[in-house]
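Grab your viewer and work through these exercises with the coordinates loaded. Try each task before you read its solution.

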Amino acid sequence: MKYKTIIGLETHVELATESKMFCGCSGNYFGQSPNSQVCPVCLGLPGALPVPNEQAIKWTVLIGLALNCQINLSSYFERKHYFYPDLPKGYQISQYAKPLCQNGYLMVNNRKIRINRVHLEEDTGKLLHGQQFNDKGSYIDFNRSGVPLVEIVTEPDVESAPQAAKYLKQLQLIIQYLNVSDCDMEKGSMRCEPNISVVNYNSWQKNQQLPDYKVEVKNINSFRFVQQAIAFEEERQALLLDKNQQPKQETRRYLESKRQTEAMRSKEFAQDYRYFPEPDIPPLELNPTLIQKLNKQLQTIDLPTQRLEKLMKDYGLSSETALVLTENKKLGDNYLRLVKNSQDLDKTKLANLLINKKIAADLNPDDFFTQAKHLLSKKNIDQATFDQTIEKVIIDNPKAVADYRQGKQTALQFLLGQCLRTLGRQIEVEQLKHLLVEKLALKK
Amino acid sequence: MTTINRLRQSYRTKKRHPAELISGLFKQIKKLNPQLNAYLTLNEELALKQANELKNFDLPLAGIPIAIKDNFCTKDLRTTASAKLLDDFVPPYDATVIKKLKDNGAIIIGKTNMDAWAHGSSTETSDYGPTTNPYDLNRLPGGSSGGSAAAVASGLPPFALGSETAGSIRQPAAWCGVVGLKPTYGRVSRYGLIAMGSSLDCPGPLTRHVEDAALLLGLLAGYDKYDATSTKEPVDNYLKALKAKRKFTLGISDDYFEGVDSKIINEFMKAKRILEKLGHNFKKIKLINPKYSISLYTILQRAEVSSNLCRYDGVRFGKPRSSFSQQAKRRMMLGAFTLSVGYYDAYYLKAQKIRTLIINNFKEAFKQVDLIVAPTTPVTALKLGESETNPMFGEVMDQLIEASSIAGLPGINLPIGLQQGLPVGLQIFGPHLSETEIIDLAKQYEDETAFYQIKPSDFYEI
Amino acid sequence: MSKFKFGLRQVKQLALLMNLDLTSQELSQFAKEMPQTLSAIANLNELDTQNIMPTYQTTGIVNRFQDEQINERNLDKKAIFKNAARTHHDYFQIKGLKYSK
């Protein structure tokens with residue numbers, strides 16, 4: 001192996017608190033009409049002042065505890081200054097010298113990924129470029145401005161793209177299981193920026209010294225793209241090192257269409273955030289009893305590892321099935337809710353019904369069991385019987401067929417009902433419907 | 001002797017009606033403002049409407065006219081902080097103190113001139129021209145609440161709201177010969193006050209009588225859920241304090257007479273004798289030399305200013321950043337420097353450590369004395385143009401006030417006489433939340449001297 | 001006594017950090033003025049602050065949290081946009097993005 005990859009991951013998670021981080025505006029901005037959830041504070045109007053969200057602070061500590069961090073009982077917010085149109089005050093209220101949580105870790109495939117810090121800050125507004133309005137302007141929506149954001153930074157302990165994805169998946173699940181965020185990269189409630197340095201393997205083996213360059217990659221919105229971005233950077237930096245050139249310390253943008261990273265317009269100056277303690281917000285002095293309480297709360301929450309165990313031990317599911325249900329929290333939640341009194345039905349078969357989407361997951365238990373019973377005790381009907389029944393129903397009901405051809409979906413339901421009359425209700429309706437539609441198409 | 005309570009009494013007994021009073025006031029303001037330039041925006045139409053429609057005369061400020069310094073956000077009424085950048089800014093919300101004034105029935109007359117962004121002690125750095133001193137129109141009123149001080153000095157009206165970061169209420173009050181009260185930091189909500197020095201800014205009243213300042217403070221003070229730095233300590237009974245007539249031990253520090261004009265010292269000594277006659281005794285205390293406060297305040301204030309002016313990017317409100325005046329740019333540049341990597345420790349952090357020294361110094365002093373008295377300013381009102389000579393003009397003018405402001409302490413200016421026709425001020429300041437003691441002492445001095453009888457020649461009796 | 005010197009480069013850097021477009025005249029003026037101010041306040045070094053903790057807040061308050069109803073201070077669209085230079089539909093509009101994050 002010629003080169004070693006050194007990766008640090010910076011993740012931002014939006015907390016699903018009721019109100020924003022520093023004002024009472026609703027924090028639930030997704031899908032709302034633009035600039036409909038703002039007040040003088042999150043709009044950065046002259047004279048407005050920030051007042052911290054207690055729930056956000058508690059949830060940040062909870063995340064820190066779940067990541068084995070030390071909690072700083074004395075903590076405070078700081079101003080981080082930079083100019084950008086989506087940052088209304090010209091500074092972001094964040095944390096710097098005294099973050100809420102420090103020095104934690106997450107085990108990923110038996111490797112300890114150390115967590116440098118977990119801190120709390122506010123999100124910016126959203127800057128949109130004018131494609132949707134067919135022009136070159138830029139547009140800003142401040143609904144997201146001020147939403148609480150937790151920043152989780154690892155030490156440069158991650159070694160590969162798959163390991164990065166695994167870390168992120170694990171982190172995502174933990175946070176989802178804590179019920180503090182839906183932590184969804186597509187919705188933007190989870191964002192990741194990897195920092196990648198490729199170094200000579202032999203020199204790394206010798207002295208483990210970090211190089212003086214790291215490349216930060218922005219604009220990534222899925223785990224798959226994280227891996228692709230890392231893979232591209234590994235190649236790009238290796239090529240430079242091959243030529244005895246040192247990669248430049250820079251920030252690059254990931255382009256999903258090209259599966260590449262590209263250099264961002266170089267800054268004309270060295271960024272200096274000019275951090276200083278936020279004078280508008282008194283410091284936090286967390287009570288040790290609060291930490292004890294949160295730790296106790298943590299014990300009562302099933303984190304992913306506990307759910308996996310429960311599904312395998314108490315429900316007898318295989319590790320594969322259990323993993324699927326664990327990695328999709330909503331599905332797992334519904335499974336546990338529904339299968340509490342599974343009566344005599346096979347727990348694994350019920351799991352598969354949900355996993356394969358044969359039954360909707362959001363049903364109430366009664367409806368769920370009704371459908372499950374049907375599906376699980378279905379008669380074994382051969383293809384020929386299906387074909388025969390369908391053909392006969394089509395011949396016997398020309399009007400309905402004509403209606404269906406004209407687009408009337410009710411006609412399809414009618415034809416389906418006619419088939420079921422013959423075949424009995426204990427069959428897989430979806431399969432039948434699929435065959436019926438196919439046959440109707442053929443006969444056109 | 002026109003006080004808030006006497007005015008209310010005249011309304012209740014129907015001897016006067018607010019509509020007539022307020023329309024007379026506007027007439028006089030429009031006559032004098034061209035030479036005074038105390039007002040940037042007048043609220044005439046709405047004020048007259050409110051005065052005409054007033055029904056509830058029981059509210060504590062029912063029908064009472066008040067001038068508002070232009071750095072308080074007033075809903076639907078232009079607010080500029082005397083900066084061209086905010087020339088057309090109309091806030092969509094009221095500052096908490098404004099809401100309290102309105103809820104108590106006060107009638108806002110207009111927005112008064114100030115140093116742009118409150119960066120100064122002269123009102124000469126206003127982007128709209130200086131306000132002139134009612135005692136001498138060739139002189140400055142002080143700042144940054146110069147417009148409010150000049151209005152009160154002229155009786156146009158005799159009640160105003162100002163703000164102080166380090167001297168901006170007390171210094172113009174001294175130069176214009178009026179009462180200026182700066183509360184303990186956190187006593188009055190800053191929500192809606194255009195921020196200058198976030199850890200220093202305090203809204204406070206300017207009036208002709210101590211009882212009016214006490215009454216206004218009582219209505220403005222109190223915990224505000226919109227301001228995380230507003231104290232939850234219960235509001236004292238300031239009106240009761242007016243009658244307490246306690247005897248105090250008053251501290252006096254030699255350092256606070258260094259560089260002070262001898263004529264001001266003379267007036268101060270006269271006032272000292274009056275206070276002794278009233279039964280208060282004086283004790284010498286050692287305070288940290290004010291020259292350090294100048295440096296310390298320069299750093300703290302510029303650092304916080306450089307940060308607080310970052311939100312003015314011309315996108316959601318205001319003009320572009322190119323509209324900032326030289327003075328504002330100057331302060332932002334120095335402020336950014338003191339916060340920048342490599343210099344933060346030597347400047348900003350060092351300043352905050354010295355702040356601790358000053359706070360501890362005062363704590364020690366207040367173990368020996370109840371309150372501290374000193375001249376408010378080193379000189380009387382300077383001439384127009386004189387403020388532009390020194391980039392640190394403001395800090396030098398405020399040197400006797402900066403330390404107490406840096407420590408967040410409350411203080412008051414009392415007009416104690418004229419020197420060559422110009423007002424001289426005495427300041428009383430005390431420990432954290434000692435407004436009742438300050439008001440008590442101030443009222444005793446006022447009753448003894450009737451200083452409100454000193455008026456400029458164009459004084460208007462409303 | 002001025003041991004401070006401000007090169008134009010340093011002043012330019014500060015101007016960029018503060019997002020101020022200064023003319024070359026202003027830049028040289030500040031390069032001259034700032035060292036003067038810094039030497040005027042250099043007396044702070046005469047005070048010993050070893051082992052002294054900084055004071056960022058004079059109120060002594062700790063743990064202050066939100067205490068308002070959701071959307072209590074929500075502004076309506078008219079209020080939000082009334083001071084904006086440019087708006088389009090329900091967005092604030094800016095032309096030509098000058099600075100990058």
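**Exercise 1: chain B meets chain C**

Task: work out how chain B and chain C touch, and which helices of chain B take part.

Solution. Start with the count: 44 residues of chain B are in contact with 37 residues of chain C, where contact means that the C-beta atoms of two residues, placed from the backbone, lie within 7 Å. Before going on, some ground rules: this is a predicted model, with pLDDT of at least 70 needed for local features and 80 or more for side-chain atom pairs, while totals for chains, interfaces and linings use all residues. Residues are numbered from 1 along each chain as its sequence is written, with chains lettered from A and ligands numbered from 1 in the order in which they are written.

Next, the helices (DSSP runs of H or I, at least four residues, numbered from the N terminus, as are strands, which are runs of E with at least two). On the side of chain B that touches chain C, helix 10 (290-308), helix 11 (326-339) and helix 12 (345-368) of chain B each supply at least two residues. Helix 12 of chain B has the largest share, 10 residues. Finally, sort that side of chain B by class: 23 nonpolar, 12 polar and nine charged. Here Ala, Val, Leu, Ile, Met, Phe, Trp, Tyr, Cys and Pro count as nonpolar, Asp, Glu, Lys and Arg as charged, and the others, Gly among them, as polar.

**Exercise 2: chain C meets chain A**

Task: find which element of chain C gives the most to the side that touches chain A, and which strand of chain A pairs with strand 2 of chain C.

Solution. First, the contact takes 34 residues from chain C and 39 residues from chain A. On the chain C side, helix 1 (8-17), helix 3 (77-81) and strand 2 (91-94) each supply at least two residues. Strand 2 of chain C gives the most, with four residues. By class, this side of chain C has 14 nonpolar, 12 polar and eight charged residues.

Then look for pairing (DSSP must find at least two bridges between two strands). Strand 9 (residues 138-141) of chain A pairs with strand 2 of chain C in the antiparallel sense over three bridges. Within that pair, Ile140(A) stands opposite Phe92(C).

**Exercise 3: strands inside chain A**

Task: trace the partners of strand 11 of chain A.

Solution. Chain A has 14 helices and 16 strands. Strand 1 (residues 3-14) of chain A runs antiparallel to strand 11 (residues 190-200) of chain A over 11 bridges, with His12(A) partnered by Arg191(A). Strand 11 of chain A also pairs with strand 12 (residues 215-218) of chain A, antiparallel over two bridges, and there Asn195(A) stands opposite Glu216(A).

**Exercise 4: one face of a helix**

Task: say which residues of helix 6 of chain A are buried, and why they line one face.

Solution. Arg307(A), Leu308(A) and Leu311(A) in helix 6 (residues 304-313) of chain A are buried. The cut-off for buried is 20 or more other C-beta atoms within 10 Å of the residue's own. Down the axis of helix 6 of chain A, its buried residues fall within an arc of 100°, so they line one face; the arc is that of the directions from the helix axis to the C-beta atoms. These buried residues pack against helix 7 (319-327) and helix 8 (329-338) of chain A.

Notes. Buried ≥ 20, exposed ≤ 12 C-beta atoms within 10 Å, placed from the backbone.
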